[in-house]
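The sequence and the structure are shown first, and a description follows.

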Amino acid sequence: MKKVKFTKEELAQVNRYLDIKELCYVDLRYEIMDHILLDIEHEITHEKVTFEEAFKKSCDKWKGSFYSESSYWLGILFRGPRVFIDSCVKIQRPFLILLVMSTLLFTLLSVLIKPLFDFELLFYFTVVVTPIYISCVLYWWIQLKISRTKTSFSFLFYRYVIMNFLLNFLVLYQLYETRIETLNLSDFFYLIFAFNVLYQGYFLYKNHQKEVSRFNKYKVL
Amino acid sequence: MGNQKLYKGSLQTIILKLLSENDKMYGYEITQKVKALTKGELKITEGALYPALHKLEAEGLLDVEVAKVDNRLRKYYKLTECGTKETANRLAQLDEFIQTMQHLLNPKLT
C-alpha cells in the first residue's frame, strides 16, 4: 500500500486548526497532531478520499475533545480544550487532595499537641524554611519563563503554585502579626502550605523541563 | 456500544496490559489495537486516552520517548519497572473483580 506523504500546506492546515483550538501545550499538541495525521492517512488509504474530506472527518471526530471548558478541580475561571483540561485535572487532583488532607490532619494534630508544643521552635523553623521556600519557587518560575514553552505542567505551575505561594504570604503576614504568644493555627497552615507548594512546584518544574528537553532535541521549540 | 461506561473504569488497566505485551506504543496505535482486539466493540476515545496516558506517566508508570517519524514527532509510551509491577497488580484486581461479578451473576457456574 502506497504511503501518504503530506505536503507543507497540508501540515500547516492541521497546525492552524490546532492553533484555533488553542492547543499550544507541547506535551499534547505534537501527539494529537500525529494522531490526526494518522487518522487522515487511514481515511485516504482505505476510503480513497481526498485530504480535505479526510481532514474534515477527523475534525468532526475531535470536535468534542476540543470544546472549550473548565473544571471545578482547576477553578471555573480557567478554560481550555477539553482534552487539555481533563489531562490537567488528572495531574492536579492528587495534589489538591493531599493539600486538603494534610491541612486537616496537621490542624487536628496542632490542637492535640498544643500543651506539649515548643512555640519558639516552630517560629525558628518557619524562619529557616521561608527563604528556602521563596528561593525555590522563584528559581522554578524563572526557569519556566526562560524555557518559553507551554506545557500542561507550566500551566498548572503558573495557576496553582504561584497562586498558593502568594496566598501563603497572606498567612505569613498574619503569623508575624500574632507572633508566638499563642499557638496560632496560621503557623501550621503556613508550613503545610509551604511544603505542599514546594512538593507540587518541584514536581511540575521537573516534568516541564523533562518535556521541554524531549522536544528540544528535534529543534521544534 | 452501550457497554462503554462499564469499560471506562478499566481504561488504565487496558493501556497497561497492551504496553506489557508490546515494547512501546503511541496513542493512535493503542486505539487501533483495542478496536481490533475487541472487534470494534470497544472504541477508546481520544479525549479519554491522552489524559489517561498523561496520568500514568505522571505516576511514574510509563516512560516517554519522542521520535521523528515521517517528518513529524511521535510520542511513544513504554512501561517503567514500576509500571510492570503495577500492571500485574491491576490485572490481578481486575481478575478478582471479574470473578466476583461471575459469582453474583452466574452462581451456578462457580
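Helices (H or I, at least four residues) and strands (E, at least two) are taken here as DSSP runs and numbered from the N terminus. The model is a predicted one, in which local features need pLDDT of at least 70 and side-chain atom pairs count only at pLDDT 80 or more, while totals for chains, interfaces and linings use all residues. Residues are numbered from 1 along each chain as its sequence is written, and chains are lettered from A and ligands numbered from 1 in the order in which they are written.

**Chain A**

Seven helices and two strands form the secondary structure of chain A, and along the sequence they follow the pattern α-α-α-β-β-α-α-α-α. A residue is called buried if 20 or more other C-beta atoms lie within 10 Å of its own, exposed if 12 or fewer, and partly exposed in between, with C-beta atoms placed from the backbone. Of the 221 residues in chain A, 33% are buried. Two residues are in contact if their C-beta atoms, placed from the backbone, lie within 7 Å. Among contacts in chain A between residues at least 6 apart in sequence, 63% join residues at least 24 apart.

Chain A is divided into domain 1 (8-66) and domain 2 (82-216), with bounds that come from an automatic or database domain assignment. Ten residues from domain 1 of chain A and eleven residues from domain 2 of chain A take part in the contact.

Helix H4 (residues 82-112) of chain A has 31 residues and reaches 44 Å from its first C-alpha to its last, close to the expected 45 Å; the expected span is 1.5 Å times one less than the number of residues. H4(A) bends by about 35° at Gln92(A), and Pro94(A) follows within four residues. The bend is the angle between axes fitted to the seven residues ending at a position and the seven starting there. Buried residues of H4(A) include Cys88(A), Ile91(A) and Gln92(A). Leu156(A) touches these three residues and Leu204(A), not counting residues up to four places away in sequence.

A nonpolar core is a set of buried Ala, Val, Leu, Ile, Met, Phe, Trp, Tyr and Cys residues joined through C-beta atoms within 7 Å. The largest such core has 59 residues, and those with the most contacts inside it are Leu156(A) and Ile15(B). Helix H7 (residues 185-216) of chain A gives the most to this core, with ten residues. Because domain 1 (8-66) and domain 2 (82-216) of chain A both give residues to the core, it lies between them.

Most residues other than glycine have a negative phi.

**Where the chains meet**

Chain B brings 17 residues into contact with 23 residues of chain A. Helix H3 (27-37), helix H4 (46-58), strand S1 (62-69) and strand S2 (72-79) of chain B each supply at least two residues of the side that touches chain A. H4(B) gives the most to that side, with seven residues.
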